[in-house]
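The following explanation is intended to be read alongside the sequence and the coordinates.

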Amino acid sequence: MKAVWLTAAALGLAVGMGDVATAFAQKSGGTLRIYHRDTPASASLHEEATVSTQLPFMAIYNNLVIYDQQKKTNSLETIVPDLASSWSLDDTKTKLTFKLVDGVKWHDGKPFTSEDVKCTFEMLQGKSKNRLRKNPRAIWFRNLKEVTTKGPLEVTFNLEKPQGAFIALLASGYTPIYPCHVSAADMRTKPVGTGPFKFAEFRGNEVIRLTKNPDYFKKGLPHLDGIEMRIIDNRSTRILAFQAGEFDMTFSQDITIPLLKDMVKQAPKAICETKPQYVHRNLIVNREAAPFDNPKVRTAMALAIERKAFVDILTEGKGDIGGAMLPLPEGGWGMPPEELAKMTGYTGDVAKNRAEGRKIMEGLGYSASNPLKVKIATRNIAIYRDPAVILIDQLKQIHMEGELEVVDTPLWHAKVARKDYQVGMNLTGVAVDDPDANLVENYACKSERNYTNYCNPEVEKLIEQQSTISDVNERKKVVWKIEQVLNDDLARPVIYHDRAATCWWPHVKGFVGHENSIYNNWRFEYVWLDK
Amino acid sequence: MGAYMIRRFLLMILTLFGMSVLIFVMLRIVPGNIVDILFDSAGMVNPDDKKRLEEELGLDKPIVQQYVTWITSMMKGDFGYSYVSEKPALDEILPRIPVTAKLAALALFFSVLFGVPLGVISAVRQNTSLDYFLRVVSLSGLSLPSFWLGLLILMAFVQYTGWIPIYSDQPRGFWHELWLLSIPAAAVGFRASALIMRLTRSSMLEVLRQDYIRTARAKGATKQSVNYDHALRNAVLPVVTIIGIEAAFLIGGLIVTETVFNIPGVARFLVEAIRWRDYPIVQSLVMLIAVVTVVVNFLVDMAYVVLDPRIKYES
């Protein structure tokens, strides 16, 4: 694993040197104009869990390491240096030491030191007086014992036990380093970073502006003078505005598959890349409330679901079928067809599956004339409602009569946490394509974002086990075993993974969209305008 | 008169107090609060963190205490801080008011400018092809939702000019702003102008059949004079009433129009603030609107006495 990291560091340096070599071909200046879909709750990346915050504010910050902004895939092999110039792991594989870049300054002129790294992670662990209002990814760092410093330019992460993918979490856009001297409250409204762009303005419902950091420690970067993001709630308006050339780039994956056809027709010169969102549609089932506390009912449900129908109807066949981890080919941990085939409800004759499901339900006393009445709760947003409606139709096949219960969107998580639902249609976004992020965040017993409170000791044990395995193929076997258990438990069973497009005009150069995450590629330091 | 004014003033204070209670209670009846929404954006629920945030924002206190704190602070000129932007509420509200005020005034201006003359023309040319055409136009105005019309206008601009008339940047000057506001004002004013036109037409038709109009024609008054000096002056009273009512309804139309044309006005901001349950913003904004409305009504009532000596409030 040490070799893998050293290779990653070497690759990162090579990429960096390559950039210097080609920098002469790039034009400096200009403001990148992107439209934003809504007003972010705050500018504090550590407090939010949405691309609405990530896209406009990631460029303000730096991480210790980062997923290469010029490569399409996020993996251990594509992690490159950022505020850290190099890193190494000790023989016990529990001490990860970073050497920091010298001479880096915060946007307010104060020097960046190892103390800032320590402060950031103590804040995430809840050890700091500087408290975050919300800390959605605290669970990511549950294996972190402490962060120690050795002088201003060296920092060591002391882990409880070996965790090969720990560095993958540090490379996420969600893991920026915050300054010690700025309060968590100020970071929500007037963020200070070391990144290529400085915070200039954030007016709710109107605009977010970033300006070039002339003292950026990566020489020659960024190329842009600034980034301006106008907030336009209405999707039709903002797409028309892009087509009219008012913007250089759309918001991340704002163009759905049905809209893409129109975009290609109206703006044939625009470059549109369709990629997985790693935001999957899934079911949540209240396993504590009758009759869903009965595993037989849950199995019958699993047998009723025809995933292909969802994909065909809602994504015109472009979506992907898989488990909790992003499916192949983009996903690093997706299950091959032979593994998927082992999962209940994923393969076989749909009619036969449903007949089996009906038989189970009939065994429990339900029939066409006496169906199980169930409320399908979901948010009052089209991307939630549409699959819920299809689900209701499919459940009819096993004597379940569904009724759609739409919930005002701000109340959704609170309602789920109260267990005030029977069955729900839900969406889950994943920031890092690694089981230590996805499975831990969504299925570990004490995770903040495991809001269904699913807790299975077997899954917990397997999650711990896979985290310590350094061999990728061996780790995959455990991960797929976890997928199997999650499916059998009907713990947020995944219906399908969606795809959507991000578009930009040909004069936007140097932007690379990541294929297996929408949360990590908004640094914009290599982006330039060929105007 | 003096006693009436004092009575009227006290009534105004009572109305404002009632409004403040109403808006305060109604906001809290709506399920969910800002804490739910902030946590929703993080896709998480942590009861301890939520409780702490509720304490931080003062939402854990009894509702009466929250109300007293709010109303006393407001009377001291402290309108509180936005829960979302963490900026003073007034700093968020005040810059947005002129934008909406200009848009509303322009929309009303368009609706009167087109509605009244076209209504008159439609009435005096009753049952001609021009009348039929104008009636179809007015019916369309009443039938087309303003957001749909707005989108059609935007699509037409993009298709035929390659330019989109939205607020994508601050206007560069008075004429640029007027131009940017004219298009949405026309979209939102179209419905109001259609209503005014139909009402003017029917009112004019009724007046044109009156004996005094026949007399005016008989004595040789010009067509222009009969239609505008004699008929319109008498037909316009119900039209003026409806213009007043439409002005009040305009705010509803502006919410959609500001959204479609991306105008950073107060109407869209109010809806967003309600969505976020941003109590200080919603309460301050609604109270500002209420104060303006009540004060204007009070002044109008006072003006009646001056303008029409037949009105005797004392009796």
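A residue is termed buried here if 20 or more other C-beta atoms lie within 10 Å of its own. The model to which this criterion is applied is a predicted one.

Helix α3 of chain A spans residues 114-124, and nine of its 11 residues are buried, so the helix is largely enclosed by the rest of the structure. The buried positions are A:S114, A:D116, A:V117, A:K118, A:C119, A:T120, A:F121, A:M123 and A:L124. The cover over these residues includes the strands β5 (95-100), β6 (144-149) and β7 (154-159), together with α5, of chain A. Just after α3(A), the residue A:G126 adopts a positive phi of about 75°.

In chain B, attention turns to a helix pair. Helix α8 (residues 146-161) packs against helix α9 (residues 174-208) at an angle of about 145°, the axes being 9 Å apart, and the crossing is right-handed. From α8(B), the residues B:S146, B:L149, B:G150 and B:I153 meet B:I183, B:P184, B:A187, B:V188, B:F190 and B:R191 of α9(B). This contact comprises seven nonpolar residues, two polar and one charged.

The two chains also meet each other: 35 residues of chain A are in contact with 34 residues of chain B. On the chain A side, the elements giving two or more residues are α5 (184-189), α6 (235-243) and α13 (412-417). Of these, α6(A) gives the most, with five residues. The chain A side of the contact divides into 13 nonpolar, 10 polar and 12 charged residues.

Key. Residues are numbered from 1 along each chain as its sequence is written. Chains are lettered from A and ligands numbered from 1 in the order in which they are written. This is a predicted model: local features need pLDDT of at least 70, side-chain atom pairs count only at pLDDT 80 or more; totals for chains, interfaces and linings use all residues. Two residues are in contact if their C-beta atoms, placed from the backbone, lie within 7 Å. Helices (H or I, at least four residues) and strands (E, at least two) are DSSP runs, numbered from the N terminus. Ala, Val, Leu, Ile, Met, Phe, Trp, Tyr, Cys and Pro count as nonpolar, Asp, Glu, Lys and Arg as charged, and the others, Gly among them, as polar. A residue is buried if 20 or more other C-beta atoms lie within 10 Å of its own, exposed if 12 or fewer, and partly exposed in between; C-beta atoms are placed from the backbone. Axes are lines fitted to C-alpha atoms, for helices over the stretch in contact, and angles run from 0 to 180 degrees between N-to-C directions. A crossing is left-handed if the near helix is turned anticlockwise from the far one by less than a right angle, and right-handed if clockwise.
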